[in-house]
Amino acid sequence: MASNLDFVEYVCEQIGGAGQITYKKMFGEYGIYCNEKIIGVICDNQFFVKKTKAGAEICPDCQEGAPYTGAKAHFVIESVDEPPNRRRDF
């Protein structure tokens, strides 16, 4: 199942504070870039972030999974919603 463009745009909007976030369609799914460097992928409406040592230090309990068969393990981002201290619905 291909990812929904609305979901891709929502994820990019949510992580926009990290830098210049863009996406490119790749093999029917989407690569996610920060400042022109690929940081992850969206496959089947699930956000996967490349595993790094720094990422593991920030999120030691983050689940891991492969975005597609044969891929290296990535961090699986379960929720991209704004943290409670940034919500605008109060």
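**View 1. Contacts across the chain of a predicted model.** Taking contacts in the chain between residues at least 6 apart in sequence, 37% join residues at least 24 apart, where contact means heavy atoms within 4.5 Å. This is a predicted model, in which local features need pLDDT of at least 70 and side-chain atom pairs count only at pLDDT 80 or more, while totals for chains, interfaces and linings use all residues. Residues are numbered from 1 along each chain as its sequence is written, and side-chain values use heavy atoms, with hydrogens and water left out.

**View 2. Order of the elements.** The chain holds 2 helices and 6 strands, which follow one another from the N terminus as α-β-β-β-β-α-β-β. Helices (H or I, at least four residues) and strands (E, at least two) are DSSP runs, numbered from the N terminus.

**View 3. The rings of Tyr23 and Tyr30****.** Rings of Phe, Tyr and Trp (its six-membered ring) pair if their centres lie within 6.5 Å, and planes under 30 degrees apart count as stacked, over 60 as edge-to-face and the rest as tilted. The count by this rule is 1 aromatic pair. The ring centres of Tyr23 and Tyr30 are 5.9 Å apart and their planes stand at 75°, so the pair is edge-to-face. Tyr23 is partly exposed, at a relative accessible area of 31%, whereas Tyr30 is buried, at 7% (buried means under 20% relative accessible area, exposed over 50%, partly exposed in between, with a 1.4 Å probe and protein chains only).

**View 4. Lys24 over the face of Tyr33****.** Lys24 lies 4.9 Å from the ring centre of Tyr33, over its face; a charge sits over a ring if NZ of Lys or CZ of Arg is within 6 Å of the ring centre and within 35 degrees of the ring normal.
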